[in-house]
Amino acid sequence: MIKKIILLLLLLPLHLYAEYFDIENYEVYVKINKDSTLEITETILVNFHSQRHGIIRKIPIVYELDKISTNLDRLNFGSKNYTLKLYDIGVEYHNYNVSQNGNYIHIKIGDKNRFVSGIQKYTIKYKIYGGINFFTDHSELYWNIIGHEWDVKIKKGSFSIIYPEEISIPKEDVIVFYGPYGSNKQINEIEISSKGIHVDNIPLLLEGNGVTVAVKFPKNYLQNGSFWLKLKLFYTNNPLIILPLISLILSHIVWLKFGRDKDFIKVVEYFPPEDTTPAEAGVIIDDLINNRDIISLIYYWATKGIVRIEEIEGDGFLEKNDYIITKLKELPSNAKNHEKIMFNGLFNLKNNVVVSSLKNNFYLTMKEVKESLNRDIENSGLYYKDSRILRNIFIISGILLAFSSFYIAPIFGISNMIYTIISAFIIIIYGFFMPNKTVAGLEKYKKIVGFKEFLDKTEKAKIQYLMSQNPTFFETTLPYAISFGMADRWIEKFNGILKEPPDWFLSQNRVFHVSNLNKSISSSISRMNNYFTSSPSSAKSGGSGFSGGGSGGGFGGGGGSSW
């Protein structure tokens, strides 16, 4: 028992002087400017009980508003957090450095190579923008003159607030709270003049006590800052708004250096390049693997007599027509790997398959085909491998950045989340265009671009001539038009030219017309896209001091410590 008492007596002084100092006097001078900026000078007289380097003044700059701001300069969508613009920080006659630590600005005053003790005077100056609240009928200074986060006694204090222009403020429009956070106790001895207000002899403030002042000004007495001040405050509250621009610039620089293909003159090509499946052509044209690239293989095989597509009526009155794909013969031995996987996936059980029967059953095969098509492209020597690796890095980085935005929203608000998502999309988009083609790849790309240009721009007279020279011209070109996403327009160009339906596509239409064929083929593509890819479903501040206000409820404040 005696040991416990001795230990308690030994620890008691450490508790009493946990911060090693008291504040003998705390003077605050606030000059309000017409543009609503505040120039603040704090003169703190400190009495150190033991040797220390100096003090650390901690000034909060991030506050939780009573409601989400609708002021443009404070706008931070989806968040009540609001950040003041604090700048031009200085300390007289002492070394200091400034840093941000979370929601606070830390002003570390003193010399690491020198200790001080006894009475020390620290004069801190700084400016604030965004500390005035603007309401529809008035503006208001609601400021924590002496913050509530000092863990020491403040024996004496005073403050002065100077107006930008002389004005008569009624006594009821000035309130000074003091005491612990939330206290409604008021200081009544306030000197009020046309130039400002002054309070002397603030009562003793114990640890965790502070002083808050609220002053109400008439509407339009203060201006809500200049354009540049508003812009700086907006940027302070939306720090990630510049992220999309940075992402765009850096991504573009990397693309110019590693991903940009050499310019070339477009030359019209009447036929697709040899030894290139429509799936490969669809990837090369836009550096993307789309579902239509894979689906085009079925029509590619059909036009070669390997499969037949038959349109059948839907089961119900409102049901759309369905389609049967029938295997007529095996793939040739020189078929590409992605063709073989697709073909075997369709006909692994029997030689005909109803498209709707593949619902929720074929998506894994589609995934495997896409992976194989990607490998076939990689192994074709058409792209520099490093650029495709860079593409993957960009896409993965963009996806990770997009996911990180959901963690940003609760802290920085929806606006900064949106900026992050935009940046992620920019990076992902550049990733898709990053692959850089080799000489051989660029040559093939030129032919595919020239062929697509022909499909898009050619006139009917040219098609008639090519059909007279090559009766299978329609069959040869259609699969590539499908992979390019141009099937509708291309088929319609054969109106009046194509006289008989193709033998590889059996339609429900009894009377042949190109428009009917176009509708049937378009419908079949759409149905395949839906059923091939479907998968089963898996199981507070910024308020007013005159409306429920109290000590510590305003901007400003904070506290400090020694070091």
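**View 1. Overall surface and make-up of the chain.** The accessible surface of the chain is about 28800 Å², and 55% of that belongs to carbon and sulfur atoms. Areas come from the Shrake-Rupley method with a 1.4 Å probe; for residues, only the protein chains shown count as cover. This is a predicted model: local features need pLDDT of at least 70, side-chain atom pairs count only at pLDDT 80 or more, and totals for chains, interfaces and linings use all residues. Residues are numbered from 1 along each chain as its sequence is written, and side-chain values use heavy atoms, with hydrogens and water left out. Of the 563 residues of the chain, 49% are buried (under 20% relative accessible area, 1.4 Å probe, protein chains only). The chain has 14 helices and 23 strands (DSSP runs numbered from the N terminus: H or I, at least four residues, for helices; E, at least two, for strands).

**View 2. Helix α4, residues 278-286.** Nine of its nine residues are buried, so α4 is largely enclosed by the rest of the structure. Among them are Pro278, Glu280, Gly282 and Asp286. The cover includes α5 (291-303), α6 (337-346), α7 (363-378), α10 (439-457) and α12 (473-483). Aspartate 287 follows α4; its phi is positive, near 60°.

**View 3. An open sheet of seven strands.** The order is β6-β9-β2-β1-β13-β16-β15, with mixed pairing (two strands pair if DSSP finds at least two bridges between them). β6 (85-91) and β15 (191-192) stand at the edges with a single partner strand each, so one side of each lacks a neighbour in the sheet.

**View 4. The pairing of β1 and β2.** β1 (residues 21-32) and β2 (residues 38-52) run antiparallel over eleven bridges. Isoleucine 32 stands opposite leucine 38 in β2.

How values were computed
Buried means under 20% relative accessible area, exposed over 50%, partly exposed in between (1.4 Å probe, protein chains only). Contact means heavy atoms within 4.5 Å.
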